[in-house]
Amino acid sequence: MARRSNGRGWNSKVVGAALGVTLLATSASVWTAQAGPADGSSPEATAPATPGGDVRPTAVTIAHASDTGTRGINITIDDGPDPEWTPQVLDVLREFGVKATFCMVGPQAQAHPDLVKRVVAAGHRLCDHSVSHDTAMDKKSESYQSQQILDAERMITKASGGVRPMYYRAPGGAFTPYSRKLAASRGMRPLGWNVDSKDFERPGTDTIVATVERELPNGPTLLFHDAGGDRAQTVEALRRTLPQLKEQGYSFGFPVR
């Protein structure tokens, strides 16, 4: 999700109680945080999405493209799972036959393993979105970044019944060369976005839909949320946006690996 200066009460309650982590925020540029590879080259490979097998590294560069080509769209859903809103998002996705990538916060996954398993069973992909959703992670030590990424990976994998995240999305786009290399070494392709629907701000369904339409030329990876507050506008915006995109000749896929 994009960086924001507002508080994250829902997450601070979960994480603060479990880990004593204070959430931080910053207004720094997302695109500055997302820019540039960590080194000159890295192998493209796939990580196992099911139990068993070795973890294979992915590219360290931040993925934005869709595996369905130039007319492909990637729907990505951040910050859950949430017992009220994730099921509604899943219902809309099923209604229109769309697969999505769910970027989960570790303690949320740990608290709702049934929802993580439901996401996997429906054919969607998992993404590591850190433990405490600290949008200032890029200002923290490497040991802190490692804890945030690897602990969340373990929580999500356990909650799913052994299915590992295939991507890592830094909160607020707060990537560092170190965090990208670490995630890639664990088989999690760093994942960016091109279109921030701004649904987190709850500006109204019409505004969310209009934002997606306006920003779609920026690229194929769309950012929505299924947690962090009332997501009724998000559910309705997806219900309107998905068929519109299909009518315009877009197909839905996953971010490149």
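Colleague: Lys198 first: buried, partly exposed or exposed?

Modeller: Lys198 is partly exposed, because its relative accessibility is 35%, and the range for that class lies between 20% and 50%.

Colleague: Where in the chain is Lys198?

Modeller: Lys198 is in the loop between strand S6 (195-196) and helix H8 (205-215). Its phi is positive, about 60°, although Lys198 is not a glycine.

Colleague: And Asp79, what is its phi?

Modeller: The phi of Asp79 is positive too, about 90°, and Asp79 is not a glycine either. Asp79 sits in the loop between S1 and H3.

Colleague: Is Asp79 buried or exposed?

Modeller: Asp79 has a relative accessible area of 0%. Buried means under 20%, so Asp79 is buried.

Colleague: Which residues does the cis peptide bond join?

Modeller: The cis bond is between Gly80 and Pro81, with omega at about 5°. Pro81 belongs to the loop between strand S1 (72-78) and helix H3 (85-95).

Colleague: Change of topic. How confident is the predictor, in pLDDT?

Modeller: This is a predicted model. The protein chain has an average pLDDT of 85, and 79% of the residues score at least 70. Over residues 3-53, though, the pLDDT is below 50. That stretch still has 114 contacts in the model beyond near neighbours in sequence.

Colleague: On to helices. At what angle do the axes of H6 and H7 cross?

Modeller: At roughly 35°, and the axes come within 10 Å. Here H6 is residues 142-160 and H7 is residues 177-185. The crossing is right-handed.

Colleague: Why quote both the angle and the distance?

Modeller: Because two packed helices are described by the angle between their axes and the distance between those axes.

Colleague: Which residues meet there?

Modeller: From H6, they are Glu142, Gln145, Ser146, Ile149 and Leu150. On the H7 side they are Tyr178, Ser179 and Leu182. By type, the residues of this contact are 4 nonpolar, 3 polar and 1 charged.

Colleague: Last one. How many aromatic pairs are there?

Modeller: The count is 1 aromatic pair. Tyr168 and Phe175 have ring centres 5.8 Å apart. Their planes are at 90°, so the pair is edge-to-face; the cut-off for that is over 60 degrees.

Key
Residues are numbered from 1 along each chain as its sequence is written. This is a predicted model: local features need pLDDT of at least 70, side-chain atom pairs count only at pLDDT 80 or more; totals for chains, interfaces and linings use all residues. Side-chain values use heavy atoms; hydrogens and water are left out. pLDDT is the predictor's confidence in each residue, from 0 to 100. Contact means heavy atoms within 4.5 Å. Axes are lines fitted to C-alpha atoms, for helices over the stretch in contact, and angles run from 0 to 180 degrees between N-to-C directions. Helices (H or I, at least four residues) and strands (E, at least two) are DSSP runs, numbered from the N terminus. A crossing is left-handed if the near helix is turned anticlockwise from the far one by less than a right angle, and right-handed if clockwise. Ala, Val, Leu, Ile, Met, Phe, Trp, Tyr, Cys and Pro count as nonpolar, Asp, Glu, Lys and Arg as charged, and the others, Gly among them, as polar. Rings of Phe, Tyr and Trp (its six-membered ring) pair if their centres lie within 6.5 Å; planes under 30 degrees apart count as stacked, over 60 as edge-to-face and the rest as tilted. Buried means under 20% relative accessible area, exposed over 50%, partly exposed in between (1.4 Å probe, protein chains only).
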